[in-house]
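Here is a briefing on one protein chain, grouped by topic.

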Amino acid sequence: MKILMVCLGNICRSPLAHGITENLVKEKGLDWEVDSAGTGHWHIGEPPDRRSVAIARNYGVDISAQCCRLFDPSDFGKFDRIYVMDRMNLRDILGMAKTDADRKKVRLLLDKEVVPDPYYEDDQFDPVYQMIEKGCRRIIEEELRGN
């Protein structure tokens, strides 16, 4: 299983989802690949936001070595599932899909709910972490059940 997590800048939400999922996959002994990307180009080549790194570290997840990158349409061919954080990300990624098979890979991480961007509010990083962790646990369980 190859999973890609996507948000706007690939510095706050998707790096958290990437790191949390990697940790959960490792805990379960699964041979899955996890990565993350952004729909915007502003932070390409940069590490995740220091606040995401700090909140992840508080929960025993190290995302400090991640490097922000831009989503590329070739990612459709590389990943089995593409989880996005909000409806704008959903629209942007679906807009790059060329086939129905590509479109079927794309889902909101929280199913019908969005993960808010904590970038402008320091106190939102912990609640966002909690939301993302819940979503990551759910998708792993669903994938293991074959949904």
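The protein chain has a radius of gyration of 14 Å, which agrees with the value near 15 Å that a compact globule of 147 residues would have. The radius is taken over C-alpha atoms, and the globule rule is 2.2 Å times the number of residues to the power 0.38. This is a predicted model, in which local features need pLDDT of at least 70 and side-chain atom pairs count only at pLDDT 80 or more, while totals for chains, interfaces and linings use all residues. Residues are numbered from 1 along each chain as its sequence is written, and side-chain values use heavy atoms, leaving out hydrogens and water.

**Fold and dimensions**

- Along the principal axes, the C-alpha atoms of the protein chain fill a box of roughly 40 × 35 × 25 Å.
- The protein chain has 6 helices and 4 strands (DSSP runs numbered from the N terminus: H or I of at least four residues for helices, E of at least two for strands).
- Their pattern along the sequence is β-α-β-α-α-β-α-α-β-α.
- Of the contacts (heavy atoms within 4.5 Å) between residues at least 6 apart in sequence, 73% join residues at least 24 apart.

**Surface and charge**

- The 22 positive and 26 negative charges have mean positions 4 Å apart (Lys and Arg against Asp and Glu, with His and the chain ends not counted; places taken at NZ of Lys, CZ of Arg, CG of Asp or CD of Glu).

**Nonpolar cores**

- Buried residues (under 20% relative accessible area, 1.4 Å probe, protein chains only) make up 50% of the 147 residues.
- A nonpolar core is a set of buried Ala, Val, Leu, Ile, Met, Phe, Trp, Tyr and Cys residues joined through side-chain atoms within 4.5 Å.
- The largest such core has 30 residues, of which Met5, Leu16, Leu109, Ile132 and Cys136 touch the most other members.
- Strand S1 (2-7) and helices H1 (13-28), H2 (50-58) and H6 (125-145) each supply at least two residues of this core, and H6 gives the most, with 8 residues.
- A second, separate core has 13 residues, including Val6, Phe76, Phe79 and Leu90.
- Not counting residues up to four places away in sequence, Ile132 touches Arg13, Leu16, Ala17, Ile20, Leu109 and Val115.

**Glu143**

- Glu143 is found in helix H6 and is buried, with a relative accessible area of 11%.
- Leaving aside neighbours within four places in sequence, Glu143 is in contact with Met1, Trp32, Arg81, Tyr83 and Arg107.
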